[in-house]
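Student: I would like to learn how to read a model like this one. Please take me through some features.

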Amino acid sequence: MCSSSVGLGHLKARTLCDSEKAKSSQHQLCRARRQVPAPQRVVQNEEVALEYGLMGDHTIKSQRTRSVHERKVPQEQADAGKIMPHTGDPVTEEWTQWSMCSVTCGQGSQVRTRACVSSYGILCSVPLRESRVCNNTALCPVHGVWEDWSPWSLCSFTCGRGQRTRSRSCISPQYGGRACDGPESQTKICNIALCPVDGQWKEWSPWTDCSVTCSNGTQQRTRQCTAAAHGGSECRGHWAESRECFNTDCTENGKWNPWGFWSGCSKSCDGGWQRRVRVCQGLAITGKPCEGLGEEIQKCSEQRCPAPYEICPEDYLMAMVWRRTAAGDFVFNRCPLNATGTTSRRCSLDRNGIAYWEPPSFARCISNEYRYLQHSVKEHLAKGQRTLAGEGMSQVTKTLLDLTQRRNFYGGDLLACIEILRNVTDTFKRASYVPSSDDVQNFFQIISNLLEEENRDKWEDAQQVYPGSVELMQIIEDFIHVVGMGMMDFHNSYLMTGNLVASIHKLPAASVLTDINFPMKGRKGMVDWARNSEDKITIPKNIFIPASPELDDSAVFVLGTIFYKNLGLILPSPRNYTIVNSKVIAVTVRPKPKIAESVLEIELAHLVNGTENPYCALWDFSKTNESTGAWSTLGCKTVLTDASHTKCLCDRLSTFAILAHQPTEIGMENADMPSVTLIVGCGLSCMALIALAVVYAVLWRYIRSERSIILINFCFSIISSNILIVVGQTQTRNKSPLMAGL
């Protein structure tokens with residue numbers, strides 16, 4: 001059974017359903033047995049009806065609008081689930097309990113509420129929420145609070161590393177509050193300045209020996225002070241101490257100690273003086289004093305101070321400043337940025353005694369690439385295995401070939417190349433490593449690049465430091481024998497480059513049946529300058545006899561011949577106006593043969609016509625007055641000469657060339673006088689101008705005009721110029737003898 005009751009005021013609906021029915025149809029609305037009038041809300045001739053029911057265990061409230069005409073529907077309706085509407089005012093429920101206080105300490109608030117029940121949706125006019133103050137007797141905790149930081153303190157030290165600090169105070173917590181979080185003080189490093197370091201005395205040195213060997217003397221000892229730093233004070237006190245020393249009485253006369261060194265000269269030129277002293281030692285009370293003087297004075301720097309015209313002025317050349325220098329002196333500067341070393345420049349006097357700057361010398365400048373290659377050679381030399389060392393030298397020759405083909409040398413670069421080639425040759429020799437054909441070709445091409453005629457000035461510059469061209473000849477001969485020893489018997493090799501042609505033969509002594517001619521002009525690939533030349537050398541077959549009795553006829557010889565195009569221009573020049581007037585041919589044989597009565601026939605063409613007294617010469621390394629040898633006629637005989645050729649017979653193996661004297665210059669004895677051409681020319685010009693001036697003077701009254709005045713002035717200016725030219729030339733040429741007389 002279901003029962004429903006509805007009350008007015010506090011509306012309550014209670015529905016009792018049969019439990020079994022409710023379970024069987026949870027979604028069926030439980031119909032009310034009793035219909036109670038319910039409040040209604042009228043809206044524009046319509047009213048809102050509230051319907052209550054149950055859907056399962058839930059109470060369902062529905063609302064709909066309907067016309068006022070429906071108010072007359074009978075109370076008894078067929079549908080028991082509908083509640084009939086009744087009129088009524090909104091009603092509020094009871095107040096809820098006061099809520100907990102909003103705070104646990106101090107003054108807070110409490111709230112209570114009530115609900116509004118309205119059947120017709122009309123709002124209640126009374127308040128539905130109330131609040132009141134609640135006073136909690138417990139005091140709230142007050143947490144600790146930091147005050148502001150104090151300023152940073154001064155540094156704890158006035159120098160060196162110190163500290164600065166600052167602090168802050170905490171306002172104490174109350175009523176159980178938390179203490180302040182964080183540090184009470186802070187520190188940071190400060191370093192105002194470096195502390196001064198005072199000088200400190202080191203230990204005293206031992207006492208020196210007594211100043212005399214007899215009688216009373218003195219001894220000394222010294223000490224050193226370490227350097228003060230950062231404004232520290234120097235050491236205080238004496239750096240030296242002396243004391244008396246006592247010896248036995250002297251029984252001999254005084255003796256002079258050795259002379260001291262000469263002092264510096266009081267002047268650098270025009271005469272000064274310098275002195276030296278000596279001390280008499282061992283003089284006793286009863287002895288005799290030393291004989292002679294204890295001081296000597298002598299003159300120094302007696303050379304004449306240079307005149308202004310004998311001093312080269314300051315000059316700026318090649319991004320370098322060359323300071324003012326007297327004639328005969330050198331000035332040094334650093335090499336350009338792409339090189340290391342020093343460059344020099346000399347101030348010299350010309351024939352008239354006027355100072356002038358010579359070109360700078362770069363003989364001590366080595367480019368960075370060549371310097372690096374020198375270090376690379378040293379690394380390869382340090383390799384113990386001969387194969388590794390030989391392969392390393394092969395790589396060096398390839399790199400050096402690339403560098404020399406650029407043809408951008410300093411004088412020092414040429415000398416560096418000589419050193420590298422010497423190390424390469426010695427390494428091949430010591431390691432018994434046979435150079436490959438590429439190595440040999442690269443080696444001779446490097447030498448050809450160095451012997452280019454455009455490098456002549458650089459060779460002259462370099463040979464002021466070291467005669468590298470002479471060393472180059474020896475290196476080539478040594479390398480030829482290294483290559484020859486690695487060849488098979490009866491084999492030969494021809495190397496042809498732009499500046500030299502070389503041939504290498506390995507010949508058993510018994511196999512040489514004919515004379516050997518060089519160069520072979522008809523050989524395939526011969527360079528034009530060698531093919532077209534008329535130079536030749538004939539090596540007799542009977543020279544291939546071992547000079548040592550230990551070697552028999554089975555000995556094997558290595559024959560090397562070299563034909564140089566420009567070597568004669570690069571070798572140190574002969575003296576006394578002598579020049580090398582031919583190409584150069586060299587012959588080398590190892591082991592050293594026994595030439596006996598055989599001679600070499602050499603025929604060389606002249607390079608310059610008009611020379612005097614051509615003769616044959618060879619390079620003699622045994623010259624005692626020259627460190628690297630010189631040209632010599634010893635062992636060579638001139639048998640035929642004409643205007644274009646000279647033929648020689650020589651009884652030894654060496655480097656051969658034709659030397660000749662330069663023609664004597666005409667008029668050297670009249671060098672102090674103006675030339676005849678100058679005098680005649682100036683004289684004729686002056687006479688013509690004077691004649692013209694006379695004509696103008698005679699006809700002046702008829703031709704007077706501004707143009708005539710200009711022409712007359714022009715004639716007189718030319719006459720004056722000619723006179724000044726002749727006089728000035730005479731004074732310049734006579735200046736040198738005049739200065740010598742002064």
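Student: Leaving aside neighbours within four places in sequence, which residues is Thr397 in contact with?

Tutor: Some ground rules come before that. This is a predicted model, where local features need pLDDT of at least 70 and side-chain atom pairs count only at pLDDT 80 or more, while totals for chains, interfaces and linings use all residues. Residues are numbered from 1 along each chain as its sequence is written, and side-chain values use heavy atoms, with hydrogens and water left out.

Tutor: Contact means heavy atoms within 4.5 Å. With neighbours within four places in sequence left aside, Thr397 is in contact with Val424, Asp439 and Ile446. Thr397 lies in helix α3, residues 386-404. Helices (H or I, at least four residues) and strands (E, at least two) are DSSP runs, numbered from the N terminus.

Student: Is Thr397 buried or exposed?

Tutor: Buried means under 20% relative accessible area, exposed over 50%, and partly exposed in between (1.4 Å probe, protein chains only). Thr397 has a relative accessible area of 2%, so Thr397 is buried. Ser394 also lies in α3. Ser394 is buried at 10%. Beyond four places in sequence, Ser394 touches Phe428, Tyr433 and Asp439.

Student: At what angle do α4 and α5 pack?

Tutor: Axes are lines fitted to C-alpha atoms, for helices over the stretch in contact, and angles run from 0 to 180 degrees between N-to-C directions. Helix α4 (residues 411-431) and helix α5 (residues 437-450) pack at about 160°, with axes 12 Å apart. That makes α4 roughly antiparallel to α5. The classes are under 35 degrees for roughly parallel, over 145 for roughly antiparallel, 65 to 115 for roughly perpendicular, and oblique for the rest.

Student: Which residues meet there?

Tutor: From α4 come Leu414, Cys417, Leu421 and Thr425; from α5 come Phe443, Ile446, Ile447 and Leu450. The residues of this contact divide into seven nonpolar, one polar and no charged. Ala, Val, Leu, Ile, Met, Phe, Trp, Tyr, Cys and Pro count as nonpolar, Asp, Glu, Lys and Arg as charged, and the others, Gly among them, as polar.

Student: Now strands. How many bridges pair β24 with β25?

Tutor: Two strands pair if DSSP finds at least two bridges between them. Strands β24 (residues 330-334) and β25 (residues 339-349) have five, in the antiparallel sense. Phe330 stands opposite Arg346 in β25. A hairpin of four residues joins β24 to β25.

Student: Which residue takes a positive phi in the hairpin of β25 and β26?

Tutor: Gly353, with phi near 80°; five residues lie between the strands. β25 and β26 (residues 355-357) pair antiparallel over three bridges. Leu349 has Ala355 as its bridge partner in β26. β25 also joins β27 (residues 365-367) by three antiparallel bridges, with Thr340 opposite Ile366.

Student: What does Asp329 touch, not counting residues up to four places away in sequence?

Tutor: Arg345, Arg346 and Cys347. Asp329 sits in the loop between β23 (325-326) and β24. At 40% relative accessibility, Asp329 counts as partly exposed.

Student: What is the strand order in the open sheet of five strands?

Tutor: The order is β30-β31-β35-β39-β38, with antiparallel pairing. β30 (516-518) and β38 (636-641) stand at the edges with a single partner strand each, so one side of each has no neighbour in the sheet. The twist averages 20° from one strand to the next. β38 pairs with β39 (residues 645-650) over five bridges. There, Thr638 stands opposite Cys648.
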